Amino acid sequence: MNRPVYVEMKNICKTFGVIRANRNINLSVTEGEIHALLGENGAGKSTLVNMISGIYTPDSGSIAIHGKPVRIHSPRHAIELGIGMIHQHFKLVDVLSAAENILLAEEGPPLLFRKKATEKIRKVMEKYEMEMDLSKKIEEMAVSEKQNVEILKVLYRGAKILILDEPTAVLTPQETDKLFGILRNLVKKGCAVIIITHKLNEVMAISDRVTVLRQGESVCTLETKNTNIRQLTELMVGKPVDLSIVRCPAEKGKLLLSVHHLSALGEHGVRVLDDISFDLYEGEILGVAGVAGSGQKEICETISGLYPVEKGEILFQGENIVGLTPREIIKRGISMSFIPEDRLGMGLVASMDMIDNMLLKEYVNQPGVSVDRRFAREKAVRVRDRLDIQTPGIGTPIRKLSGGNIQKVLLGREIDAKPSLLITAYPVRGLDIGASYNIYDLLQEQKQKGVGVLYIGEDLDVLLELCDRIMVLCNGKVTGITDSRCITKEGLGLLMAGESITALTEEVTPCKL
Amino acid sequence: MTNTLDFFVLFLKSAVVAGTPLLFAIIGAIYNEKAGNLNLGIEGMMLLGAVAGFQAALSTQNPLASLLSACVFGALGALIYAFLTVTLRTNQVVTGLALTIFGSGMARFWGQNVMGQVLSESFSRYFRPLSFPFLAKIPILGPILSVFLEQDLFVYFGYAIAILSGIYLYNTRWGLNLRAVGGNTAAADASGINITLYKYVHILMGGALCGLGGAYLSVVFVPSWQENITAGRGWIAVALVIFTSWNPYKALWGALLFGGLDIVGFRIQSLNIPVNQYFLRMLPYLATLMVIIIGSIRKSSKHNPPKDLGNAYFREER
């Protein structure tokens with residue numbers, strides 16, 4: 001390994017007020033390597049890369065880029081040094097095309113000759129073997145395409161060091177594979193990639209070396225091939241952790257929810273839900289798998305009365321709830337929590353504190369004109385303690401909380417309403433291991449209480465371990481509903497791509513039901 | 001037959017003239033909104049430009065001095081707005097309204113001593129319509145061309161501004177960057193575009209154009225000073241920006257259409273058709289209302305406003 005060192009950070013310290021975000025961190029990244037930064041939320045990963053990309057400056061310690069000691073004072077300076085940061089939330093202009101986004105802020109003669117400019121971008125694409133429709137507008141792109149635009153944008157600006165902040169958080173397994181393919185290509189051509197993540201299997205799959213951070217310190221740097229998931233978890237959490245979800249046995253109760261031939265129309269008259277039928281029983285977790293945008297959101301919203309139904313029936317405890325208002329549906333005991341991609345949960349008001357957010361669902365039950373905060377306050381305290389929500393106080397506006405904690409506020413409120421049907425979409429999106437397992441435990445607890453849970457998830461491993469049955473969606477259609485013990489991850493992948501369940505081989509469906 | 005043709009040619013000619021102040025104002029507003037700033041002070045800046053242009057015309061008798069002064073005072077009004085909304089991050093709607101009130105008050109105050117005065121013949125000749133007698137000899141095409149070509153130099157300047165603005169927005173790097181500033185300020189910032197500079201420059205440019213629009217009214221169209229000379233044209237321009245989908249080329253047609261509505265009353269009266277004159281005078285405002293309704297029905301993203309229109313930008317906020 002005598003490759004040139006691209007990034008060398010020594011004894012980096014950074015404090016924000018009293019919080020010591022980084023303490024004596026050492027990191028070295030060489031040409032041609034994919035280096036993973038692994039750590040739980042708040043371990044200091046983002047702070048560290050923000051110092052490479054010029055957003056923060058370290059209090060002490062030294063940074064050397066391509067062997068030269070530097071003080072990176074602004075994002076622009078970082079770009080000039082060949083450092084490209086790909087943020088988790090894409091910084092792209094929706095109404096402009098891919099090419100136009102890439103050309104933003106470029107120096108050059110005032111008149112823009114699109115052909116010539118596109119030609120230049122194409123050369124970069126050829127060099128790194130990337131493919132993209134440059135004239136396509138960002139707003140028409142899928143998430144993974146947008147990510148490629150971001151990557152191409154920094155490459156076009158001559159970046160040799162790419163930093164990706166949780167790039168897979170918004171991708172499906174297939175898209176993740178494609179991204180990893182692109183990254184491997186980049187390092188072959190002499191780039192270095194730093195990838196921030198807390199997904200262990202991805203660290204194992206993509207990285208050459210991994211640096212584990214814990215509570216602001218760099219624990220160690222390991223060659224990925226010499227380590228394993230168990231060791232990494234222990235290093236990351238600081239103690240041995242049991243990583244398997246123990247599925248508590250399902251006691252299938254009464255039929256709770258029965259959806260018959262449900263269809264719904266989206267923009268431009270496209271069917272976003274197409275003849276969906278499924279049953280959900282008390283005391284079971286029904287998982288929903290599918291590529292992002294296959295109709296998951298619409299299922300949640302039609303059941304909770306937020307999305308117009310074209311035709312079909314939704315029977316809840318035998319009563320058709322199509323056409324009822326959301327409030328009437330909530331009254332019948334249906335709770336819905338949806339964590340969208342930007343993670344500021346649907347149904348919360350960012351500028352309100354926890355108490356008032358609890359009150360949002362509470363006040364209708366109170367008599368009179370004025371609101372009584374006493375119950376909401378108790379509820380907020382209860383939810384905070386139960387879910388271990390990290391907040392300066394229940395009176396702090398929730399927008400100041402970290403993404404994971406905001407999610408817990410939403411889920412906590414929904415569970416505290418003691419629903420008989422709990423719909424939850426992407427509840428662990430972006431959460432670290434500890435917090436995710438907390439949520440899984442909560443869902444299982446609900447199931448044991450006899451609540452029917454509709455769990456819309458991304459991680460197929462988790463779906464298989466957590467859910468009793470799994471329904472797979474593709475383009476608004478159900479391609480299969482199966483017992484989760486009777487299908488493999490590959491089988492799910494095929495269903496997600498549109499295969500029908502009867503066409504699957506025995507290899508991926510060990511026991512047909 | 002020739003009479004009807006003459007009538008229409010004459011009508012369209014005056015529609016172009018009546019649309020010219022709107023054209024400048026629309027393009028001024030487009031620059032503001034592409035920079036992400038909803039400026040409701042268009043009317044105020046037009047009035048500032050109108051009074052400054054008129055005063056300069058009276059005292060210097062020089063057309064260039066008159067236009068320059070209109071530009072400068074329109075831009076000064078915009079500077080107040082830019083300082084408040086960009087640097088101090090005040091609410092854009094409230095600030096714009098305040099600018100309109102300030103502009104109309106200022107115009108009334110400064111115009112008091114010249115109320116009703118008419119510009120001299122020696123000045124007005126600079127803005128006399130050009131004439132191309134040979135056009136009359138070409139059948140069909142001749143009259144159509146004469147509508148647009150037999151106009152004064154100020155109108156030509158308007159055409160030039162619209163076309164140059166189109167090229168600027170869609171074919172230059174600066175224009176691309178500007179569209180990014182209004183389209184997604186955070187993304188533009190992350191790409192290394194100087195947000196504050198872009199906002200200031202284009203708000204001021206927009207102000208100068210609005211000033212010119214106002215000056216066209218007081219110096220060429222009327223041409224004498226009267227109170228509230230813009231009569232709500234600044235507000236119509238704000239609505240027309242939506243109608244033209246923030247596109248300077250389409251602004252040419254929008255201005256012509258509304259110029260026509262502006263003068264249709266006079267023309268119909270001259271034909272002795274009995275229509276209530278108050279109804280006719282209401283037409284441009286009624287049409288503006290229609291335009292807003294139609295604009296809100298069209299849902300294609302091509303007709304959407306810049307995404308960050310009206311948002312104050314803080315780098316640190318998420």
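This is a predicted model: local features need pLDDT of at least 70, side-chain atom pairs count only at pLDDT 80 or more; totals for chains, interfaces and linings use all residues.
Residues are numbered from 1 along each chain as its sequence is written, chains are lettered from A and ligands numbered from 1 in the order in which they are written, and side-chain values use heavy atoms, with hydrogens and water left out.

User: What area do chain A and chain B bury between them?

Analyst: Contact means heavy atoms within 4.5 Å. By that rule, 25 residues of chain A meet 21 residues of chain B. Buried area is the accessible area (1.4 Å probe) that two parts lose on being put together, summed over both. Carbon and sulfur atoms carry 54% of it here, and the total is about 2,000 Å².

User: Which residue of chain A forms a salt bridge with Arg179(B)?

Analyst: A salt bridge puts a side-chain nitrogen of Lys or Arg within 4 Å of a carboxyl oxygen of Asp or Glu. Two are counted between chain A and chain B. For Arg179(B), the closest N and O atoms are 3.3 Å apart, and the partner is Glu100(A).

User: Which helices of chain A each supply at least two residues of the side that touches chain B?

Analyst: Helices (H or I, at least four residues) and strands (E, at least two) are DSSP runs, numbered from the N terminus. Two helices of chain A qualify: H2 (75-80) and H3 (98-103).

User: How many salt bridges does the rule find across the interface of domain 1 and domain 2 of chain A?

Analyst: An automatic or database assignment sets the domain bounds. Domain 1 spans 5-237 and domain 2 spans 255-503 in chain A. The two domains of chain A bury about 1,200 Å² between them, 53% of it from carbon and sulfur atoms. The number of salt bridges across this interface is zero.

User: How far apart are the centres of domain 1 and domain 2 of chain A?

Analyst: In contact are 15 residues of domain 1 of chain A and 15 residues of domain 2 of chain A. The centres, taken over C-alpha atoms, are separated by 32 Å.

User: Which residue in S14(A) stands opposite Val259(A)?

Analyst: Strands pair if DSSP finds at least two bridges between them. S11 (residues 255-265) of chain A joins S12 (residues 271-281) of chain A through seven bridges, antiparallel. S11(A) also pairs antiparallel with S14 (residues 311-316) of chain A, over five bridges. In S14(A), the residue opposite Val259(A) is Ile314(A).
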